[in-house]
Amino acid sequence: MLQDVASQPVAAVLAALRSQPEGLRAKEASKRLLQVGPNALRGHHARPFRVLGRQLKSPILLLLLITAAISAFLGEATNSVIIAAVLIASIGLGFVNEFRAERAADVLHDQVTHRVVALRDGVASQVNVTELVPGDVVRLGIGDIVPADVRVTDSHDLSCDESIVTGESLPVTKTPTPTPLGASIGDLTSCALMGTVVQSGSATAVVVETGPRTEFGQIATGLATQQPQTEFQRGLSKFSLLLLEVAVSLTTVIFVANVLLHRPVIDSLLFSLAIAVGITPQLLPAVVSASLAAGSRALAKRHVLVKRLVCIEDLGDLDLLVTDKTGTLTEGRISFVHALSAETGSSAAAEDHIHLLGLLATETDYSASQVSTVGLNALDAALWDSPAAADRGLQGYAKHDTLPFDHDRRRTSVLVDAANDPDGRSRLLVTKGAPEDVMGICSTVPTEAEDILKKEYASGSRVVAVAHKSAPTLEKLNVSDETELTLDGFLVFLDRPKLDARQSLEKLAKLGIAVKIATGDSGIVAEKVLSDIGLASGGTLTGADIDPMNDEDLRSAATASTIFARVSPSQKARVIRLLRTSGRAVAFMGDGVNDALALHEADIGISVDTATDVAKDAADVLLLDKDLGVLAEGVVDGRRIFANTIKYVLMGTSSNFGNMFSASIASVILPFLPMLPGQILLNNLLYDAGQLAIPGDKVDPEQLVTPSHWDIAYIRRFMFLFGPISSLFDFATFGLMLFAFHASEGEFQAGWFIESIATQTLIIFAIRTRRIPFFRSRPSLGLMLASFGIVILGVWLPYSPLMGVLGFEALPMPFFLALVGMIAIYLVLVEVTKHWFFSRPAQQLAQSENVPVRRRGDHHRISRRASRFVSPAPRSRRISSL
C-alpha cells in the first residue's frame, strides 16, 4: 500500500484515508484505534511462560534433571524424589524472583511515554505514539523518530536517516512530490518510514500504516527479542565458565578415582553429578533477579527508568559523567529577559523591533490567532511565552519559507513578508541563532557588538543573535542565501543555577564520579555557572580547539578539561570515545538531537523523559526528573546490587568448593559415601535458599565510594584460599565422627550435613564485610533471620520424621558441643585470614586499564528503536506490581 500512496497526489491520499489537512476528529481517531489496534510492535508485560522457559534452560538444572532420571531408572526412589524436590524448588524460587523483576520493569516502562505532535480536531496536540491511526496528520521536526509509515503532505528541506530500514548511510531528501509507481522502499521520496530519524528540516505528513504493518515493524517483529549483553552479564558469563571448568575437573577426577577403586559405576556417576551440581551456586540467577527487582523498585521511587534491569549494575560502574548544564546545573526553566541592540544607545523601539524579528524567525505558524508552542525548542517557547509576545499580533505577517535549525549551521532563517505588503516589496530574510555563527554571515556588525555580547556572557546569560536583510526577489530559501546580513542585536535569556547543584555534584564526587560539562553555549557562560555554584573549573575546550587535535592530544586535553563548549555532535562523541579508552567508565547525559551520537558512544547513555526522540532512543537510563542528585542515588543502588551479588558469589564459590573438595577426598578414603547425592543437593538448596535475603542486606559505605568490576582472577584466588579452610574443618568433623563417636554411615552423613550447613551459612557474616562483623558492620535483620533459620532447620532434619527417608540417623548430644567449638574456631580463622587477604595489594580491586569499547550492531539498534512502539502492560498488572 505504501508504494501506491507514494505515487498519488496528496489530495488523493487524504481522500483515500478519509482524512483532511486539519487531521482527524478525536472521536474518529478513537474509533479507528479500536478497529486497527495500537501502533505497537509488541506488548510490554511479563510473560510467565517465557520466564519459566528461561529457568528450564539452565545447565545447572539440566544436571539435576539427568541425575533424577538416572536415579529413577536405577530404582533409587529416595534419591529420585529428593532430587526432583530440589529441582522443583530451584525452578520455583528462580521463577518467582525473575517474574517479580519483570513486573517491576513493566511498572517502570509504563512511566515513560513517547509522544508525537498530531492534529486532532484541527488543533496541534501531543499524542501517545501508540495511539496513532491511519489518517492522522502529524508534524515532524529535526530529531524526531518517524512514528509510522507516513505520506509527506508538506515539507521544508526535509531529509531522513533511513539506515535502520534500508541500510542507506546517507540522508534521503523527502518532498510531497509523488514518486513513480513501483519504486522500491528506498526510493519512496514522498514517504517517511517508521523508525527512521528526521535529520534536517520539518514536515507535515499523514499516517498510512501503523504497527507491524509498517516496513520497520516487519523487520523488528522478525528479530529475536534478546538484547546484547551488558558488562555485568559478560562478567556473569565469565564466572559461569570458571565454575564449569572447576566442576568438570573435579567431577572427572572423582568419577575416575571411584571407578579405579572398583566402586559401583552408577553410584560413582550419581555422586559425581551431585558434586558438579553442588559446587555451583544454583540460585545465582534468582539472587541476581531479586537484587535487580529490589533495585528497580528503589529507582522507581526516585523516578529513574532503566530500560533493561541489568543496566543497573552498569550504572554503578561509573566514575565519569559528561553532561549538559541545562536542567542539571541550572533549573532548566528558560525565561526571556530582554532584547539588546547591537549598538549602544539604541532606543526602546529598536529593541522592540529586535524582539519582533526574533518571533518571526521561529518555526511556528504565527498566522493563527493563537500561536502554538508545541514542538518548539526551549528558547523559542520562552520567547513566545514572554509578556511582550502576548501583546504582539503577527497575523499580518506571511511566512514564505523556512530554513530550520540544524546543528551544523546553528541557526534558523525565515523568509517573511512585512505586514500590509502583499507585493513582497518589504520581504525580509530574518536569521536567528548562535551569536558566533550569525555574526559570521553578517556584512554589517557594529563595532560595539562584541563587547555587548561578552558582557552578557560574563553575566551567565544565554544569548541568541538576530540579523536580517531585504530579499524582495526571493521565493525560496537556500543556505547560500544566508549571507550579507545586518546584525540587529541579541535576545537575552536566563536559566538560573539550581540551588542544590553544588550539593548534587559533591554527592557524585563522594562516589568517585568526576563531572564534565558539554554544552552548545559559550564556554564563558558555562564557566560562570560553575562559578555561581562555587565549583572550580579545570579549563575549557571549544569545538574550534578540538578539530585540529589528534586523538592522543585530545585524550590528554579532555582528561584535564572540565568544560567542552560549542561542540558539534561528532565532537562530543569523539570526546566520549577517547575518555573511555583512557580507562574511564563514562556516562553521558543529554536530551537533544545533537546528543544522540555521544549517548551511543558512552558506557551508559542517560536522558530524560522530556528529551527528543533520538536522545531517548539512544539512552540506557531515563530520568523522569532531570536531577544529578537522583542520578547519584541510582549509582549507589547499582553499586549496592553489585556488592550484594559479589557477596553471594564469593561465599558460594568458597564454601561450595571447600565442601565438594572435602566430599571428593572422603569418597576415595571412606568405605561409604560421605553424603548421599540427594543429601548433597538438599544441603546446597537449603544453603542457597537462605541466601536469597542477601539482596536486601546492608552494604558498608566504603563499598559504595568506588566502582567495582568483575575480576575473575580475584574470585579464583578467594575460592582457592577460603575453600581449603572450609575443607580443613570438614576433615576435623570427619575425624570427630569416626574416631571420637565411632559413627555409623547414617550418623556420619547427618553429622557432616549439619556441620556443612552451619559453616556454609554462618560464614556469610564474615564474608559480607571487610570490617569486624556485628560490631562494626551489622547485617540486615532479614539476612540474620534467614541464616539462623536455615541452620536450625538443618539441625532439625536428622531428628525429623524425614530422617529415614533422607538417610540420616540421630546424633549424640556431645556432638553439638564439639560442633559449637569448631564453628567458633572456624569463624575466627576465617576472620583472621580475611584481614590478611584484603590487606594484600593484589586484592585491591582497581579499574581495568583498558575499558572495553562497547560495539552496537544493527540488531541492537532495531531492538532499541522498536522499544518506542510498545503497548503498555495491563492496568491490573501495573497496580499489583506497585
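**Exercise 1. The D697 salt bridge**

Task: Find which residue forms a salt bridge with D697, and say where the partners lie.

Solution: 
- Apply the criterion: a side-chain nitrogen of Lys or Arg within 4 Å of a carboxyl oxygen of Asp or Glu.
- The partner is R768, with the closest N and O atoms 2.7 Å apart.
- Locate the ends, taking helices (H or I, at least four residues) and strands (E, at least two) as DSSP runs numbered from the N terminus.
- D697 sits in the loop between α26 (677-690) and α27 (712-740). R768 sits in the loop between α29 (764-767) and α30 (781-796).
- The pair links distant parts of the chain, 71 residues apart.
- D697 and R768 are buried. The classes are buried under 20% relative accessible area, exposed over 50%, and partly exposed in between (1.4 Å probe, protein chains only).

The model is predicted: local features need pLDDT of at least 70, side-chain atom pairs count only at pLDDT 80 or more, and totals for chains, interfaces and linings use all residues. Residues are numbered from 1 along each chain as its sequence is written, and side-chain values use heavy atoms, with hydrogens and water left out.

**Exercise 2. Further salt bridges**

Task: Work out how many salt bridges a search of the whole structure finds, then describe the R462 and R18 pairs.

Solution: 
- The search finds 30 salt bridges.
- R462 pairs with D521, the closest N and O atoms being 3.3 Å apart.
- R462 is in strand β16 and D521 in the loop between β18 and α19, so the pair ties together parts 59 residues apart in sequence.
- Both R462 and D521 are buried.
- R18 pairs with E28 at 3.8 Å between the closest N and O atoms.
- R18 belongs to the loop between α2 (10-16) and α3 (26-36), and E28 to helix α3, 10 residues apart.
- R18 is exposed because its relative accessible area is 59%. E28, at 24%, is partly exposed.

**Exercise 3. The open sheet**

Task: Give the strand order of the open sheet and find which strands stand at its edges.

Solution: 
- The 8 strands run β9-β23-β22-β21-β10-β18-β20-β19, with mixed pairing.
- β9 (304-306) and β19 (540-542) are the edges. Each has a single partner strand, so one side of each is left without a neighbour in the sheet.
- The twist averages 20° from one strand to the next. Axes are lines fitted to C-alpha atoms, for helices over the stretch in contact, and angles run from 0 to 180 degrees between N-to-C directions.
- Zoom in on one pairing: β21 (residues 586-589) and β22 (residues 604-608) pair in the parallel sense over 3 bridges.
- Within this pairing, A587 has I604 of β22 as its bridge partner.
- Helix α19 (residues 523-532) packs on the sheet, touching β18 (514-519), β19 and β20 (563-565). Contact means heavy atoms within 4.5 Å.
- The direction of α19 makes about 150° with that of β20.

**Exercise 4. Two positive phi values**

Task: E484 and R566 have positive phi. Decide for each: buried or exposed?

Solution: 
- E484 is not a glycine, yet its phi is about 55°.
- E484 lies in the loop between β16 (462-470) and β17 (485-494). E484 counts as exposed because its relative accessibility is 55%.
- R566 is not a glycine either, and its phi is about 50°.
- R566 lies in the loop between β20 and α22 (569-581). R566 is buried, as its relative accessible area is 16%.

**Exercise 5. A nonpolar patch**

Task: Find which residues make the nonpolar surface patch of about 480 Å², and which helix gives the largest share.

Solution: 
- Patch residues have over 30% relative accessible area and no salt bridge; nonpolar side chains (Val, Leu, Ile, Met, Phe, Trp, Tyr) are joined within 5 Å, like charges within 9 Å.
- Areas come from the Shrake-Rupley method with a 1.4 Å probe; for residues, only the protein chains shown count as cover.
- The members are L261, F661, I665, V668, I669 and F731.
- Helix α25 (residues 628-669) supplies the largest share, 4 residues.
- I665 is found in α25. I665 is partly exposed, with a relative accessible area of 32%.

**Exercise 6. The whole chain**

Task: Find how many helices and strands the protein chain has, and what share of its residues is buried.

Solution: 
- There are 34 helices and 24 strands.
- Of the 882 residues, 56% count as buried.
- The chain exposes about 35600 Å², of which carbon and sulfur atoms supply 59%.

Conventions:
Pairing = 2+ DSSP bridges.
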